[in-house]
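This briefing is for a reader who has not seen the structure before. Please look at the sequence and the model first.

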Amino acid sequence: AQSVTQPDIHITVSEGASLELRCNYSYGATPYLFWYVQSPGQGLQLLLKYFSGDTLVQGIKGFEAEFKRSQSSFNLRKPSVHWSDAAEYFCAVGVNTGFQKLVFGTGTRLLVSP
Amino acid sequence: GAVVSQHPSRVICKSGTSVKIECRSLDFQATTMFWYRQFPKQSLMLMATSNEGSKATYEQGVEKDKFLINHASLTLSTLTVTSAHPEDSSFYICSARDLGGQETQYFGPGTRLLVL
């Protein structure tokens, strides 16, 4: 069955430091991969997505992610974290069941310390 | 672009009543919309997929008679929680798939439901 694993429940990073959030997926076919961010009490905002082509994808707010097929990973990175980046981050894989549905990981809560 | 709205953002109701939540794609057409439920500090669980002009497809374990979904137009889907009980209290989020946007789902801001 399709699944997404985000091994880190929460991560604390100092403002200005670099960030990497881990995501591993299990899916038999070529995956569509997404990263979303959720602020408290809000919906989800799309940060970036990978469908095909260049395995390093750029997103909004200075985020990037790299698809590594050999490791079944799609880790999210940012070179310098801002306090406003504190939020919940969800990795998701698109599963084609006749229509595309998303399977989400459990999320990683990012805390940013001064 | 690709804005999805939900109404209401927050609702409190008495046990046994029904609540309707609307999901609208504001600047694009969506033949497919999705309804999710999110418990505190947890991930999103897909409840059902709503296709314009046809019956919704429910995920395993989701009661279709309790969570009524209607997708009457290319920009509107509604979720009605019938005979709501306290255990239905949750954060409900919809998303809409942009036909021209390479299978990307855009999410609404969510509706917080509290059943007393």
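Predicted model: local features only at pLDDT ≥ 70, side-chain atom pairs only at ≥ 80, totals over all residues.

Residues are numbered from 1 along each chain as its sequence is written, chains are lettered from A and ligands numbered from 1 in the order in which they are written, and side-chain values use heavy atoms, with hydrogens and water left out.

**Where chain B meets chain A**

- Chain B brings 22 residues to the contact and chain A brings 19 residues, where contact means heavy atoms within 4.5 Å.
- About 1,600 Å² is buried between chain B and chain A, and carbon and sulfur atoms give 57% of this area. Buried area is the accessible area (1.4 Å probe) that two parts lose on being put together, summed over both.
- On the chain B side, the most area is lost to chain A by Ser43(B), Glu103(B) and Phe107(B), which together make up 27% of what that side buries.
- One salt bridge is counted between chain B and chain A. A salt bridge is a side-chain nitrogen of Lys or Arg within 4 Å of a carboxyl oxygen of Asp or Glu.
- Lys101(A) and Glu59(B) form a salt bridge through their side chains, at 2.9 Å from N to O.
- Six residue pairs are in polar contact between chain B and chain A, both residues being at pLDDT 80 or more. A polar contact is a pair of N or O atoms within 3.5 Å; within protein, one must be able to donate a hydrogen and the other to accept it, and residues adjacent in sequence count only if both atoms are side-chain atoms.
- Elements giving two or more residues to the side of chain B that touches chain A are β4 (32-38), β5 (44-51), β9 (90-98) and β10 (104-107) of chain B. Strands (E, at least two residues) are DSSP runs, numbered from the N terminus.
- With four residues, β10(B) gives the most to that side of chain B.

**Strand β9 of chain B**

- Nine of the nine residues of β9(B) are buried, where buried means under 20% relative accessible area, exposed over 50%, and partly exposed in between (1.4 Å probe, protein chains only).
- Ser90(B), Tyr92(B), Cys94(B), Ala96(B) and Asp98(B) point one way from the strand, while Phe91(B), Ile93(B), Ser95(B) and Arg97(B) point the other way.
- β9(B) pairs with β4(B) in the antiparallel sense over six bridges; two strands pair if DSSP finds at least two bridges between them. Tyr92(B) in β9(B) has Arg37(B) opposite.
- β9(B) and β10(B) are also antiparallel, with four bridges, and Ser95(B) has Phe107(B) in β10(B) as its bridge partner.
- β11 (residues 111-115) of chain B runs antiparallel to β9(B) and is joined to β9(B) by three bridges. Ser90(B) is bridged to Leu113(B) in β11(B).

**Two residues of chain B**

- Arg97(B) lies in β9 of chain B and counts as buried because its relative accessibility is 13%.
- Residues that Arg97(B) touches include Gln100(A), Phe34(B) and Glu103(B), leaving aside residues up to four places away in sequence.
- Ile12(B) belongs to strand β2 (residues 10-13) of chain B and is exposed, because its relative accessible area is 55%.
- Ile12(B) touches Leu114(B) and Leu116(B), again not counting residues up to four places away in sequence.
- Between Ile12(B) and Gly53(B) there are 41 residues of separation in sequence and 30 Å in space, C-alpha to C-alpha.

**Salt bridges within the chains**

- Over all chains, the count is eight salt bridges.
- Arg77(A) forms a salt bridge with Glu64(A) (3.2 Å, N to O). This pair links strand β9 (residues 73-78) and strand β8 (residues 64-68) of chain A, its members being 13 residues apart.
- Arg77(A) also forms a salt bridge with Glu66(A) (3.3 Å, N to O).
- In chain B, Asp88(B) and Lys66(B) form a salt bridge, with the closest N and O atoms 2.9 Å apart. Asp88(B) is buried at 4% relative accessibility, and Lys66(B) is buried at 11%.
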